[in-house]
Amino acid sequence: VDTAGPAINLTNLNLSNIPAFSGVFVRAHFSDVPDFSTVTFPTSAISFENAFNGIDINSTSSNRTMDFTNITLKSTNFTGTFNSADFDTLILGNNVDFSSVTTVQSMFYYTGITDIKLPTNINLSSLTNAGTMFVGAPTISTCQVDNLIRSFRDTAYSNNLTFDDNSTITFDN
């Protein structure tokens, strides 16, 4: 029998000197959502490759939301970050800085996250690889897709990006 334990206590965790946050929660299985609201990340951009790949939040509560609105986070790489993750809602607030991100390859590949909220001010100017970002991902709101398309156009238009839309993205209201 596979049982999930509580998420580790991250209260006031200072990660300001880490070189990367890659693979930290790969296939972690928790009974509640890790709380990042008081975690300090580096001010310089670091990799979040596969950071939450396959994480499973097996909560019986109605709150299966991973929320990054109250912290500052800057990344260079979101490859596979939420690949096959299983929880309800992901909120990447405006304090999540995408301006140094070069790849979002498979960021949400076959994710079980049913509600993805991206920063409204997302800057994709360094992006060179957006392929398969949403392959197999569930419904993403029209507002979120519009925001993403505008951001590609406004900040990454000259990057000659290939975006593989061979996905299951559907538009809702």
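Me: What makes β5 and β7 a pair, and in which sense do they run, parallel or antiparallel?

Reply: The model is a predicted one. In this model, 2 bridges join β5 to β7. Pairing requires at least two bridges found by DSSP, so β5 and β7 count as paired, and they run parallel. Within this pairing, K74 stands opposite D97 in β7.

Me: How do you know that β2 and β5 pair?

Reply: β2 and strand β5 (residues 73–77) share 2 bridges in the parallel sense. The criterion is at least two, therefore these strands also pair. Here I46 stands opposite S75 in β5.

Me: Why are β2 and β7 called edge strands?

Reply: The sheet is open, with 3 strands in the order β2-β5-β7 and parallel pairing. β2 (46–47) and β7 (96–97) each pair on one side only, which places them at the edges.

Me: Where in the protein is confidence highest, and where is it lowest?

Reply: Confidence is highest in β2, at 98, and lowest in strand β10 (residues 171–172), at a mean of 42. pLDDT is given on a scale from 0 to 100. Over residues 167–173 the pLDDT is below 50, yet this stretch has 20 contacts in the model beyond near neighbours in sequence.

Me: What is the average pLDDT of the protein?

Reply: The protein averages 87, and 90% of the residues score at least 70.

Note on methods: Residues are numbered from 1 along each chain as its sequence is written. This is a predicted model: local features need pLDDT of at least 70, side-chain atom pairs count only at pLDDT 80 or more; totals for chains, interfaces and linings use all residues. Side-chain values use heavy atoms; hydrogens and water are left out. Helices (H or I, at least four residues) and strands (E, at least two) are DSSP runs, numbered from the N terminus. pLDDT is the predictor's confidence in each residue, from 0 to 100. Contact means heavy atoms within 4.5 Å.
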